[in-house]
Structure formats: C-alpha cells, structure tokens
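Visitor: I am new to this structure, and I would like to learn how to read its features one at a time. Could you guide me through them?

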Amino acid sequence: MPKAIIFDVDGTLAETEDLHRKAFNRAFAEYGLSWHWDRSLYRDLLEVSGGKERIRHYDDQQIADHLPAADRDRFIREMHGVKTGIYTQMVAAGEAHLRPDVRELIESAAANGLRLAIATTTSLPNVEALLGAAFGTRGMDYFEAVCAGDVVAHKKPAPDIYLMALEELGLAASDCIAIEDSRNGLLSARQAGIPTIVTPGIYTRDQDFTEAMLVAASLEGIDVLSTYSENQ
Ligand code: XBP
Ligand code: MG
C-alpha cells in the first residue's frame, strides 16, 4: 500500500487554469497593456511553468508592446502579485470547484491514515485560497507538506518540487503516488521516481502521458490504492 498521495493543484484538484488566464488578462488591463491571452494562446503558454516565467516568455516573443525595459523582473514580480490577488479573490468568491471525487479521495485518505502532500508550480496564496474555499479553515491541515511555486529554483518538468515533497514527508518515491493533469507535471513526478496517475484537464487533454501508471478522464470511480497495488 502507498504511504502518501502527492497532489498537483492546477488542473488536478480543480479546473483552475482558465481562472488563471482571466486573472492574467485582468492584471494586464490594470497595467494598461494591450496584451490578451485567449484560450488557444494560453494552451501554448502553459508549456512554460510558472506565471512570472510565462509572462517573461511571452514578452520575449513580442515584436512591439514590450514590458517597460527598466528592471523588467521587478515589473513582472509586481504585476504577477496583482494577478495573484485577482486570482485568489476569484477563488474565494467560489469560482473554482474541486474536480470529481477529489474531495472524497482527500477525506477518505486522511480518515484512513494515508499521508497527503502538495507539489505545485502555482503560488502558495493560490493553494491556500483553493483549499480554504473547498474545505474551510482546516483545508491546509489535510496536507503534511505543501510545496508551492518559488520554493524551488527549477519548476516542473524539473523534479525539484516533488523531491522537496518526498524530503518533507521523509518517504521513498516508491511509497507514494502522484496525481497530475499535465505532461510537465508527469515528467516532474516521474523524474522524482514517483508512480503517477494523470487526470488530464481542459488544457492538457491532447498531451502525451506515456509514462503514467494510469490515465483517467477524472478520479471519478478510480480506486487509487488498487491502481498502485496492481502496478507494484
Ligand atoms: C500550474 C502552473 C502555474 C499556474 C499559474 O501549476 O504552471 O504557473 O498556471 O499559477 P500546477 P502562478 O503545478 O499546480 O499545475 O501564476 O501562481 O504561477
Ligand atoms: Mg497542473
């Protein structure tokens, strides 16, 4: 039996990436930029993990309409902070909903002594907002380790965030299961040696999940523990 489940957040716990996209666009408008990320463009930009990295990547691609050159990194940090504030307000207002059977898995795992952790590229305030909206004040308490955003130098698909979660749990990769929605996340977890279940989201459905232990449309009706046992 696995000792722990390590959850990704965006696209896995909840279908949040389109909310992120809207928050980015509102932040751009607040800064007077003509930038607008539609769904098709955002699908491509999601290849770049991390909101600040995504903004920088997009700016590098622009012919005109660049960000103010003087201290671009500081500008990006500040604008991304505004975006995070917009996003967390949207989540607190109930605009994000847990995907099917996510709540049931978290609550039954906790009730049966299975340890839980989070390994995500998104910023910590976004995790706190989502778990608070979904579970109330005890939301963060379900998770022994919450590894999020800039705590690692190299974001997904690098394994750093999952290696950090394993270290904080004090467990071997083979004692855990990771649950992800994207190829970047799958590669990150697999490079850390963790058996991984993938439940693709609206932005990742057509990606390659060859390395996954199981690919399912959602966690609905999936017995995560049996899936682990059958693959050991
Ligand atoms: C998905 C990401 C994040 C979000 C935006 O994270 O790549 O960058 O798109 O959040 P996950 P930030 O690992 O949970 O799938 O703007 O805070 O980065
Ligand atoms: Mg994800």
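**Reading the helices and the metal site**

Guide: Helix α1 and helix α4 (residues 72-92) pack with their axes 8 Å apart, at an angle of about 130°. Helices (H or I, at least four residues) and strands (E, at least two) are DSSP runs, numbered from the N terminus, while axes are lines fitted to C-alpha atoms, for helices over the stretch in contact, with angles running from 0 to 180 degrees between N-to-C directions. This is a predicted model, in which local features need pLDDT of at least 70 and side-chain atom pairs count only at pLDDT 80 or more, whereas totals for chains, interfaces and linings use all residues. Residues are numbered from 1 along each chain as its sequence is written, chains are lettered from A and ligands numbered from 1 in the order in which they are written, and side-chain values use heavy atoms, with hydrogens and water left out.

Visitor: What does that angle make α1 relative to α4?

Guide: Angles under 35 degrees count as roughly parallel, over 145 as roughly antiparallel, 65 to 115 as roughly perpendicular and the rest as oblique, so α1 is oblique to α4.

Visitor: Which residues of α1 and α4 meet?

Guide: Contact means heavy atoms within 4.5 Å; among the residues that meet are Leu 19, Phe 24 and Phe 28 in α1, and Met 79, Ile 86 and Tyr 87 in α4. By class, this contact of α1 with α4 has 11 nonpolar, two polar and four charged residues, where Ala, Val, Leu, Ile, Met, Phe, Trp, Tyr, Cys and Pro count as nonpolar, Asp, Glu, Lys and Arg as charged, and the others, Gly among them, as polar.

Visitor: Which residues coordinate the magnesium ion (ligand 2)?

Guide: Donors are N, O and S atoms within 2.8 Å of the metal (3.2 Å for Na, K and Ca), and sites may look incomplete because water is not among the atoms. Here the magnesium ion (ligand 2) is coordinated by Asp 8 (OD), Asp 10 (O) and Asp 181 (OD), at 2.1 to 2.3 Å. Asp 10, in the loop between β1 (4-7) and α1 (17-30), and Asp 181, in the loop between β4 (176-180) and α8 (183-191), are 171 residues apart, and the pair links distant parts of the chain.

Visitor: Is Asp 10 buried or exposed?

Guide: Buried means under 20% relative accessible area, exposed over 50%, and partly exposed in between (1.4 Å probe, protein chains only). Asp 10, at 9%, is therefore buried, and Asp 181 is likewise buried at 6%.

Visitor: Where does Asp 71 lie?

Guide: Asp 71 lies in the loop between α3 and α4, and its phi is near 50°, a positive value in a residue other than glycine. With a relative accessible area of 48%, Asp 71 is partly exposed.
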